[in-house]
Amino acid sequence: MSSTLTASPPLPEAKPKNGKFILIAEDDHFYGNIYKVKLTKEGYDVLVVGNGEWVIPAAEKRRPDLILLDLVMPSKDGFETLKEIKSHKALSNVTVVVFSNLGQEVDINKAKSLGATDYFVKTNVSLQEVIDKIKYYTK
Amino acid sequence: MPAHKTVAEKKLSPFTELSSPESINKLESHSINARRITYILTIVILLIIGYLLTLLPWKADASTHALLEFLASVNALIIGSMCLIKFYTRNKRMYLLIGIGFLGAAFFDWLQALTANIMLSSISSPLVLLHEWSISRGFLSFFLLASWALWYNRAKHPFKIPTVYLLCAIAALNISAFFILYSPDLALLVEIIIIGVFTATAIMYFKKKYWKWKYFEHWLIMSLLVAVAADSARLLSTVPYDQFFIAAHILKIFSYNFAMLGLFMSMYSAFTEVEEARDKIDVILKSIGEGVFVTDIEGNIILMNNAAEQLTGMSSDKAFRKNYTKVFKFYHEADKNKPFVDFVEKILKSGVVRETYSRILLKKDNGISIPVSISTAPVKTHSDKLFGCIVVFHDIRKERELERTKDSFLSVAAHQLRAPLGSMRWNMEMLLSGDLGEINDLMKQSITQLHENNQRMIGLVNDLLDVSKIDSSISADQPKPTNIAAIIRNVVKEMEAEAFTRSIKFDIKPKLIQVSNINIDPNRVHEVFENLVSNAVKYNRNGGTVRIIIQEKPDTLEVSVADNGIGIPHKDQEHLFSKYYRAANARAGAAEGSGLGLFVVKSYVEGWGGTITFKSTEDQGTTFIVSIPKNPKQHTLDVSTTNENRSKQSN
């Protein structure tokens with residue numbers, strides 16, 4: 001049962017666009033949809049890619065102000081992608097925040113050592129907290 | 001009817017012969033038949049000898065008498081001594097009495113040998129000679145009879161050894177006195193009684209069920225039969241030094257010899273039993289699948305089994321008497337360069353009953369390391385004296401494999417469970433915040449309930465992960481020189497984003513802190529302060545402050561983390577550090593926490609040998625004070641125990 005919003009009824013007032021671009025790597029379309037709806041409402045430009053492979057091309061096309069990275073993805077996982085981003089000439093200093101449902105110490109340490117600025121376990125943060133953190137990192 | 005083995009021997013030991021009930025019955029009947037034949041044969045031979053003697057008139061003299069008595073005395077002395085030795089080593093009291101009997105007989109025979117020449121000249125009647133003979137026989141017969149009583153009643157030993165000696169001494173004196181002092185006129189009667197006693201003793205010893213060449217009781221019976229013959233012959237002697245007189249003395253010596261033979265037999269069987277027992281122990285040890293080695297009190301190996309040889313690659317002969325650290329190369333799993341030693345010394349010093357270690361590696365001769373689990377225990381003798389340490393270790397590669405499989409399964413399972421729960425949560429939060437359109441109160445109520453239940457499920461998944469992580473002690477202690485202040489600053493940095501959203505400020509004193517490095521696991525330090533600081537933020541009021549003060553003291557580093565938030569209600573303060581406990585006001589707040597955090601913090605801090613205390617007032621705030629020794633203890637975390645100590649409070 002797909003819950004993807006295609007043509008949505010008019011949403012309550014969205015905030016004015018703030019010109020910031022957030023690139024999100026997330027293969028779960030439930031999450032993807034939530035990100036898109038909520039962040040757009042907050043005034044951000046949002047692009048959700050479902051695969052690690054599409055992150056660099058999308059980032060090269062338009063430099064993101066923040067990348068939200070899931071870890072478990074098909075074809076190319078978040079760790080691989082993170083490595084690529086951080087060794088990319090132009091993109092290495094883009095803030096990358098990992099949002100994943102993996103939560104073991106080894107995963108957190110690995111992500112941080114690969115250059116992630118922060119790490120959050122999706123289930124353990126509220127949507128509002130997500131927005132707040134995004135606001136903080138796109139200051 | 002008591003069994004023929006003593007109570008002590010009934011315990012299952014390598015000395016026990018295990019045979020089935022049917023074979024025992026067959027053995028019984030077979031052995032009784034065999035015995036009957038032997039005794040009957042003996043009696044027949046004795047009768048024949050007796051008859052032959054009547055046909056051989058013969059007379060000897062006093063010096064022959066003296067010689068024979070002297071020989072008898074020497075024999076009896078040897079037998080008596082051997083019996084006493086057997087008594088001292090095996091603690092079977094029957095041998096004490098038999099020994100006394102023979103020693104007494106030796107003494108009296110020796111007296112007779114000395115006075116043999118004198119005797120003849122002062123004899124008034126043959127009865128006097130008979131009286132002399134009967135002293136030694138009477139003494140022996142009494143004590144052999146008494147020994148049977150102890151043999152029969154092996155189970156009950158109400159008297160302690162000194163009492164037994166006293167009683168024996170008194171008995172010996174009395175019996176000697178009786179036989180020495182009784183009137184020679186009664187000698188005939190006494191002799192007949194003595195014969196009766198010997199016979200009765202022989203019959204009563206017949207109660208022993210099994211018959212094997214090695215059992216002393218059967219030689220004793222033989223000896224008694226010959227003794228009866230000896231006394232009978234003596235009675236038949238009418239003239240001093242006739243053939244019956246001499247035959248009696250010779251038969252007396254033979255009866256002593258049967259007893260001596262019996263003692264030699266049991267000595268022989270004792271030696272072979274020891275060998276058999278040793279073999280049995282060897283076989284048992286060989287078949288134990290785990291590596292076993294035993295050290296003496298200095299840590300030198302005195303015993304090692306096959307499995308240990310295989311697991312280390314060194315043979316037990318080479319290992320014998322070497323210090324165990326030279327034979328077994330154990331290492332801490334966490335730090336492959338750190339040898340795991342001293343665990344034997346620890347047992348030997350403390351006498352602690354058992355200690356188990358996991359997360360240890362054993363390096364084999366060929367360089368390969370295998371994970372092992374080690375169990376140690378002290379070895380004490382019956383009198384509770386420590387004589388060494390026994391170590392049992394086994395290869396846990398399979399268990400590790402299982403652990404890894406379990407861990408990866410958990411990781412995958414948690415992830416899979418979290419995904420739907422998480423997106424459900426955010427969807428509901430979007431609905432509640434009106435992002436998807438206005439909702440009426442009823443809708444709001446319903447969605448709120450959905451959200452709460454969802455939160456519960458998320459919490460459960462988190463708890464499951466936390467518990468399994470801790471119980472399998474994945475986080476091994478890896479101490480290294482660490483700057484604790486730097487770690488605290490990192491923790492604060494990580495919390496900044498979250499604090500920022502609620503306008504909570506951090507205040508770290510002093511601003512520039514140079515603390516000395518402490519040899520401690522940085523990950524654990526991080527976890528401790530992450531817990532404390534995140535609590536200080538979580539349970540703080542909006543716009544509040546988290547104040548961290550780091551103080552270096554001579555032996556410790558003291559850190560206080562204070563917030564001015566909701567505080568901890570007094571009644572919850574007791575349980576604060578227990579596994580899974582969250583105070584009621586915390587649960588009511590929006591923040592989640594599994595409750596395990598402070599439990600882990602306390603375990604770590606106390607594992608280092610430090611202390612953690614707190615002060616709290618509801619609605620005003622909480623201050624936690626952690627004191628870490630500069631020389632922290634290194635322990636592997638054992639959080640799986642249900643040791644829930646009450647938290648300490650200051651004020």
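# Notebook: a strand, a sheet and two chains

I started at A:Ser100, which sits in strand S4 (residues 96–100) of chain A. Helices and strands here are DSSP runs numbered from the N terminus, with at least four residues (H or I) for a helix and at least two (E) for a strand. Before going on, I noted that this is a predicted model, where local features need pLDDT of at least 70, side-chain atom pairs count only at pLDDT 80 or more, and totals for chains, interfaces and linings use all residues. Residues are numbered from 1 along each chain as its sequence is written, chains are lettered from A and ligands numbered from 1 in the order in which they are written, and side-chain values use heavy atoms, with hydrogens and water left out.

**Entry 1**

Is A:Ser100 buried or exposed? I found 0% relative accessibility, so A:Ser100 counts as buried. The cut-offs are under 20% relative accessible area for buried, over 50% for exposed, and partly exposed in between (1.4 Å probe, protein chains only).

Next I looked up what A:Ser100 touches. Not counting residues up to four places away in sequence, I got A:Asp70, A:Leu71, A:Tyr119, A:Phe120, A:Val121 and A:Lys122. A contact is heavy atoms within 4.5 Å.

Then I checked the whole strand. Five of the five residues of S4(A) are buried, so the strand is largely enclosed by the rest of the structure. A:Val96, A:Val98 and A:Ser100 point one way, while A:Val97 and A:Phe99 point the other way.

**Entry 2**

In what order do the five strands of the open sheet in chain A come? I read S2-S1-S3-S4-S5, with parallel pairing. Two strands pair if DSSP finds at least two bridges between them. Strand S2 (45–49) and strand S5 (118–121) of chain A stand at the edges with a single partner strand each, so one side of each has no neighbour in the sheet. From one strand to the next, the twist averages 20 degrees.

I zoomed in on one pair. Strand S3 (residues 66–69) of chain A runs parallel to S4(A), and three bridges join them. A:Leu69 is opposite A:Val98 in S4(A).

Helix H1 (residues 29–41) of chain A lies across strand S1 (21–25), S2, S3 and S4 of chain A, at about 175 degrees to S2(A). For such angles, axes are lines fitted to C-alpha atoms (for helices over the stretch in contact), and the values run from 0 to 180 degrees between N-to-C directions.

**Entry 1: chain A as a whole**

From the N terminus on, they run β-α-β-α-β-α-β-α-β-α. Of its 139 residues, 53% are buried.

**Entry 2: over to chain B**

Chain B has 20 helices and 14 strands. Here 44% of the 651 residues are buried.

Which residues have the most contacts inside the largest nonpolar core? That core has 67 residues, and my list reads B:Ile79, B:Ile98, B:Phe102, B:Leu144, B:Phe198, B:Tyr205 and B:Tyr256. H8(B) gives the most to this core, with 12 residues. Another core, of 40 residues, lies apart from it, and B:Ala485 and B:Val600 are among its members. By nonpolar core I mean a set of buried Ala, Val, Leu, Ile, Met, Phe, Trp, Tyr and Cys residues joined through side-chain atoms within 4.5 Å.

Leaving aside neighbours within four places in sequence, B:Ile79 is in contact with B:Phe102, B:Tyr256, B:Ala259, B:Met260 and B:Leu263.

B:Arg321 has phi near 70 degrees, a positive value in a residue other than glycine, and lies between helix H11 (316–319) and helix H12 (324–327) of chain B. At 52% relative accessibility, B:Arg321 counts as exposed. Phi of B:Asp619 is also near 70 degrees; this residue is in the loop between strand S12 (611–617) and strand S13 (621–629) of chain B. B:Asp619 counts as exposed at 56%.

**Entry 3: where the chains meet**
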